[in-house]
Amino acid sequence: MLSLEGKIVLITGLGQTQPGGWGIGAAIAVLLARQGAKIFGGNRTIASTISTKKAIEEAGGVCDILETDVTSSKSVEALVKACMEKHGRIDILVNNVGRSEPGCPATMSEEVWDSQIEINLRSVFLTCHHVLPIMEKQGAGAVVSVASIAGLRYIGKPQVGYSATKAAIMQFMKATAVIYAPKGVRLNTVVPGLMDTPYTKSLVGRYATDGGHEEYMKMRNAQVPMGSMGDAWDVAHAALFLVSDEAKYITGQKIVVDGGITSSTGRA
Ligand SMILES: NC(=O)c1ccc[n+]([C@@H]2O[C@H](COP(=O)([O-])OP(=O)(O)OC[C@H]3O[C@@H](n4cnc5c(N)ncnc54)[C@H](OP(=O)(O)O)[C@@H]3O)[C@@H](O)[C@H]2O)c1
C-alpha cells in the first residue's frame, strides 16, 4: 500500500525555518522517501534542510538538495534541470513553500502584498510551469500543493494576503487538474488547519498575543474541535495518499487536515 518505490519527487521548502520538531515540507519529504521515493529538493537555504537530508539518508534513502528561490523563474528552472539531469524524470511535484504576513488591506504595505503573492502563489505557478511539460511528455505525474484553511475561511487573525493566495492555490490546482486530466497528470491540494510546527513558533512573533508563546498555543488548541493542533505528519500522510497510485482516480480535489475546524461554526 502507498508504495512510491522508484518514484522521483521534486519538492520545495523541505527545510524548516525554525529548529526543533518537524515542518510540513520536511515531514512530507521524509515520509515519501520512507515509501521508496528519491527526493530532489529546492530550498531557500541549505542550512535549514540538513536535518531533513540526514533523516532520509540515515534511513537508507536518497535526498539531493539545491539552493533555490521559488519566486524566481530562473532558479526554479535550474532546480528542475538539475533533477532531470540526475534522474531523467519527475514523477511527483510537491509545492510546500508558503508564509503568512499579518495585515488587512489598509494596514498591509504594497510591498508585503506583492511578496505574499510571490512566495505563496507565483511559486506554485513557476514549479508547474517548468514541471508540467515534463510530466505531460511522460504521460504521468502527480502534483500536490500545500494550501491552508485560511484560504477557506477567516481563522481569527488578519492575514488577507495569505488567505487570498491560499484560496487561489486551490483554484489554480483545480483548473489545472482539469486541463491535465487527459494527459495522465493529477493535481490535488492538501489544506492544513492549525498545525504545531516550528513555523508556528515564528507566527507568535508576527501575531503577538499578550501571553506570548504559551497563550498563543493555548488559543490555537482551543480553536480546534478535536481539542489540539495537528502536526506535520498529519499533513504528510494526506499528501502521501494523494500522490500515491491508490489515488489514481482522484484529481482536482483537496484534503482538509484540520481536526474539524472547517466543519464547525466555531467554539464558544
Ligand atoms: N504550520 C501551520 O500551522 C500551517 C498551517 C497551514 C498551512 N501551512 C503551510 O504549510 C507550508 C509550510 O509549512 P512548513 O511547516 O514546512 O514551514 P516552514 O518550516 O516555514 O518551512 C518552509 C520552508 O520553505 C523554505 N522557503 C521559504 N522561502 C523560500 C523561497 N523563497 N524559496 C525556497 N524555499 C523557501 C524555508 O527555507 P528557509 O528555512 O531557508 O527559510 C523552509 O525550509 C506553507 O505553505 C504554509 O503556508 C502551515
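Trainee: Which residues of β5 lie on one side and which on the other, and are they buried or exposed?

Mentor: Before we dig in, remember that this is a predicted model: local features need pLDDT of at least 70, side-chain atom pairs count only at pLDDT 80 or more, and totals for chains, interfaces and linings use all residues. Residue numbers start from 1 along each chain, following its sequence as written.

Now to your strand. On one side of β5 sit Gly-141, Val-143 and Ser-145, on the other Ala-142, Val-144 and Val-146, and all are buried, which leaves both faces covered. "Buried" here is a count: 20 or more other C-beta atoms within 10 Å of the residue's own, with 12 or fewer making it exposed, anything in between partly exposed, and C-beta atoms placed from the backbone. Take β5 from end to end, residues 141–146, and six of the six are buried, so the rest of the structure largely encloses the strand. The element names are DSSP runs numbered from the N terminus: helices are H or I with at least four residues, strands are E with at least two.

Look at the neighbours next. On one flank, β4 (residues 92–95) pairs with β5 in the parallel sense over four bridges; to be called a pair, two strands need at least two DSSP bridges between them. Asn-95 is opposite Ser-145 of β5 there. The other partner is β6 (residues 185–192), which runs parallel to β5 and is joined to it by six bridges. Val-143 has Leu-187 as its bridge partner in β6.

How does the chain get between these strands? Right-handed means that, with the strands pointing away from you, the path from the first strand over the helix to the second goes clockwise. Out of β5, another right-handed β-α-β unit uses helix α5 (residues 160–180) and ends in β6.

Step back and you'll see an open sheet of seven strands with parallel pairing, ordered β3-β2-β1-β4-β5-β6-β7. Its edges are β3 (63–67) and β7 (254–257), each pairing on one side only. Ignoring direction, neighbouring strands are turned by 15° against each other on average, using axes fitted to C-alpha atoms and angles from 0 to 180 degrees between N-to-C directions.

While you're here, have a look at β2. Six of its six residues are buried, making it mostly covered: Lys-38, Phe-40 and Gly-42 point one way, Ile-39, Gly-41 and Asn-43 the other. The chain reaches β2 from β1 through α1 in a right-handed crossover. β1 (residues 8–12) pairs with β2 (residues 38–43) in the parallel sense over five bridges, with Ile-8 standing opposite Lys-38 and Ile-11 opposite Gly-41. On to β3: its pairing with β2 is parallel, over five bridges, and Phe-40 stands opposite Asp-64. The chain goes from β2 to β3 through α2, and this β-α-β crossover is right-handed too.
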